Amino acid sequence: MDQCEDRQEGVRPSKPSLCGDHESHTKAQRIHQKRPHTPGSGPDPSCVSVMSDESIEPPLQFRQSADGRIQHKRPDFPGPGSSCVSMMSDESMEPPLQFRQSAYGRVDQESSEVPSAQSAQQHRTQPDSIFMLLENHIVTYVKNELKKMQKVLTSGSPESQREDEEVLDGQDEEQRRSSREAFLKITLNFLRGMKQEQLADCLQSKSPSMCRSQLKSNLQKKFQCVFEGVAKTGSPTLLNQIYTELYITEGGAAEVNKEHEVRQIDPASRKLDRPEITIRQEDIFKASPGRHGPIRTVMTKGVAGIGKTFLTQKFTLDWAEDKTNQDIQFTFPFTFRELNVLKEKKFSLVELVHHFFTETKGICRFEDFQVLFIFDGLDECRLPLDFHNTMVLTDATGSNSVDVLLTNLIRGKLLPSARLWITTRPAAANQIPPECVDMVTEVRGFTDPQKEQYFRKRFTDKEKASTIISHIKTSRSLHIMCHIPVFCWITATVLEDLLETEETEQLPKTLTEMYIHFLVVQTKVKNIKYDGRTGTDPHWSPENRKMIECLGKLAFEQLQKGNVIFYESDLTECGIDLKAASVYSGVFTQIFIQEKGLYQDQVFCFIHLSVQEFLAALHVHVTFINSGVNLLSEELTTSQTSETTRDQPAEKLLYQSAVDKALQSSNGHLDLFLRFLLGLSLQNNQSLLHGLMTHTGSGSQTNQETVQYIKTKLSENLSPERSINLFHCLNELKDRSLVEEIQQFLRSGKRSKEELSPAHLSALVFILLSSEQDLDVFDLKKYSASEEALLRLLPVVSLSKKVLLSGCNLSERSCEALASVLSSQSSTLRELDLSNNDLQDSGVKLVSDGLRSPHCKLQSLRLSGCLITEKGCASLASALSSNPSHLRELDLSYNHPGNTRLQLLSAGSKDPHSSLDTLRLEPGGVQWLRPGLKKYSCDLTIDTNTVNRKLQLSDNNRKVAHVDEVQSYPDHPERFDKWPQLLCSNGLTGRCYWEVEWEKNVFISVSYRGIKRKGASEDSEFGYNDQSWTLRCSNGGSYVLRNNKQRQISVCYCARHRNHHLSISESRTDHCIQTQSPHWLLSF
């Protein structure tokens, strides 16, 4: 059918678009399409089109009014019964464009078969034909879109909204959506030009595209500027200008982390397995490789001030600016602080959205769109989120309390198509059931390069930025805290001020010094900005002292209650004037929530938990110094008679009671408070607060007594977390004696149980965990081969990849502790050697419990020689069946698994889901169930043909002595002719144990039989070649010799090798040598 025939049938494009529908487009530009033509027949025959005007709507007619606006008018037309006939000759119409396809797939225009006289005219009229076709498409598109708009206005049905916002397949989907939005704007412009303001407003409010555009515009205004460190005060900063990329990782421990949040960012408390899965903020909903299924709900954890709120604001701003995540059609950022205010009110989910985002009031349902809800600050939630007893709600228009809405939204009962992003501090993460969260991420703050990037962005002066970065690196406490963006801001605020007046050597090096300077800087800002004073005026005016007293009281009382968010009533109880609190902006923030005049509430918090703890410690210290009241015991001391100092016993009691109170905390919520309180006891720090306190503390003697008290506590059975915090306290007191002692111990190479007290073991944990190096291998024997040492060094075990505990006298107690390490999601342990410990079946059962945990990632487990029977092997087999995917190597040699359990374990190794590829069960049998190393004992017989003639045999050849008199042994090619040495006739393999009694000196060796026997060269002397190993013992010390290389060792020796013999001379005391194949390794 040619173009003329199309006209005859009155066919219009069925699905026109702005750029033309595919069907009509291909008809107009059909490849190789040619018009029928009879050569020599003269003019082309005419075509007659007979059409009723009932099949079309009369066209819009436009005229220009006197004021220049364009108005439209529909002409009169005949009634339903009328029709008209159009009879046209196609002589008056230009021939259609014809196209052909080139060899390269391009469509080329082909000339029509018309007389050459018409070619010029055809060329001139081609644009007219194109524009006629374009006009046809545009008119059809406009009509279709106007019909949709009319349906929205008349019915407002969800179906019409869905039709208007339907997702079109193909790569031009966004272009078509953009075209609709553009046409809507044109329509609104015409309606307002026609004085139809109400109709225009109604259409705009009910158009999802316009709602989205307005929402994006308002979110840009809301989030493009931020107030760093404080809220709604000071000078705003562009978020895109100061935002520094945060370190975000996928995954997180399922268990609730109850440690103090500063501990959670301390590398001494966490060294995660590498590599970590890092995530960029714009990819928060993108599944990582290997993850199946869509991600609906993401929970992002992070300590206070780590940047969670900035993260959500940056995500929202990028979406609103059309930069990222444009597959999301609506983003609704909420904070739990805002939602708390609605605790007593009822809404439907749609009404709740309309309440906060009025731009969306024209949309009555959100099931038709991809929606993202952001809920920031779960830890601040005061709504009763009950996921077990709350009623099920599936109707987004059903009214209920906000907590019921949130619970059902998070459970996926309400608006299951929506995406959710929840941020929280770690301690509150357990409010959401794990099954309701598809992915857990963690904001880890700034990495070391990101810290530097922050300060270089913060300061345009490159030299000043470099000075600050270098200073932070000199203090471990400051460097750790700078993982937190808010602390970077505090540090920058303080150091920027001090660098103008102080020398670099006088800059603060401890947390206490930093926070004292921060308080002073903010007080100076208040004096200048709000009180009209100068920077040289005294900081501590009566008004400022009163304010610090009130803020400190609030901080201390709320810290004891565990609160970080306060309300107006909390401030009033502490005598804080709301206006003054907002003025004191550097330390205190406030968020005013006012919803359309219905109510007003004010929520308050300190800029960071550490600031609250510092002010709480300052309040306790100042109260004691000024009035003698110990707020930690609430007893009035008898020291108030002194005008210059406090009574030393009372002051000592203050600090010691603070230590006790912090140690009693199960979650360490007073850890940082204790650091600040002890730091404030130093005279240098008190001098910085001169004017705030009426007196000073007693000085160095009390400090030394506090240091000694802390060392005493470190000798007790404390948790690793509390021990590490006590070392930070010693750092605030500027005492590093314990740390220096253990560093000296490590440098000396000494390895003795008696040399490491419990306090030293705690210091060892602190040193090892504070090391910048990864803990790849931890060998307990390097420090102290005892169960007590293992239990104190357990944090090091948890963060090591390979742990060697062979022959360390471990029992069930150790197995229980190790099981907890294996089942911890944060553990990096991959190889564990427990060989030669009498664990027995009961201990192995506990280890099996750890293997059974889905969090266990252990790949190698050695339990050789652990007195394990059939019962213990059954526990291991059960554990491997429950969690078969990780363990690759299992060593159960020198145990007694029994035939039945042997078959079970063998079957387990053949499990298709199992990774186990090495299973050692031999040698095995009941003979290996004797305790200790004696299970490997063997009888050795001296080979008399090898004995040197200056060695004298006695006691039925079981005793040998080195003598000056030459013995009359017959010649033999195997005899050592120069060195006083001998060999035993037994060829040793596997593990062998024997005892040697010796006195004075003894050389105990293991050797290959092929060692040379003749001559005085090194090739024939034990320890001086690659054929032998020698342990030389004397009262003056012991050392190992191999290939003429010497190494000093401590007492208690073990030797390992394969196929070797023993040679001894002069002997005393018990000594054991152990051999094992196939390691080919000798160790003592």
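**Close-up 1. Helix α17 in a predicted model, seen with its surroundings**. Let us start with helix α17, which covers residues 485–498 of this predicted model. The helix has 14 residues, and from its first C-alpha to its last it reaches 20 Å, close to the 20 Å expected at 1.5 Å a residue. Twelve of the 14 residues are buried, so α17 is largely enclosed by the rest of the structure. Among the buried residues you will find Phe487, Trp489, Ile490 and Leu498, along with Pro485 and Cys488.

**Close-up 2. The hairpin of strands β28 and β29**. Here β28 (residues 951–954) and β29 (residues 959–962) pair in the antiparallel sense, with four bridges between them. To find your way across the pairing, look for Gln952, whose bridge partner in β29 is Ala961. In a regular strand, side chains alternate between the two faces of the sheet. In β28, Leu951 and Leu953 make up the covered face, while Gln952 and Ser954 belong to the uncovered one. Four residues lie between the two strands of the hairpin, and Asp955 takes a positive phi near 55°.

**Close-up 3. The ring pair of Phe336 and Phe375**. The structure holds 27 aromatic pairs, and this view picks out the rings of Phe336 and Phe375. Their centres are 6.0 Å apart and their planes stand at 45°, so the pair is tilted. Distant parts of the chain are linked here: Phe336 belongs to helix α11 (residues 336–340) and Phe375 to strand β13 (residues 371–376), 39 residues apart. Both Phe336 and Phe375 are buried. If you widen the view, ring pairs link these two into a cluster whose members include Phe330, Phe332, Phe334, Phe366 and Phe373.

**Close-up 4. The ring pair of Tyr454 and Phe455**. With centres 5.4 Å apart and planes at 85°, the rings of Tyr454 and Phe455 form an edge-to-face pair. Tyr454 is buried, as is Phe455.

**Close-up 5. Lys216 over the face of Trp319, and Arg1032 over the face of Phe1003**. Lys216 lies over the face of Trp319, 4.8 Å from the ring centre. Arg1032 lies over the face of Phe1003, at 4.0 Å from the ring centre.

How values were computed:
Residues are numbered from 1 along each chain as its sequence is written. This is a predicted model: local features need pLDDT of at least 70, side-chain atom pairs count only at pLDDT 80 or more; totals for chains, interfaces and linings use all residues. Side-chain values use heavy atoms; hydrogens and water are left out. Buried means under 20% relative accessible area, exposed over 50%, partly exposed in between (1.4 Å probe, protein chains only). Two strands pair if DSSP finds at least two bridges between them. The expected span of a helix is 1.5 Å times one less than its number of residues. Rings of Phe, Tyr and Trp (its six-membered ring) pair if their centres lie within 6.5 Å; planes under 30 degrees apart count as stacked, over 60 as edge-to-face and the rest as tilted. A charge sits over a ring if NZ of Lys or CZ of Arg is within 6 Å of the ring centre and within 35 degrees of the ring normal.
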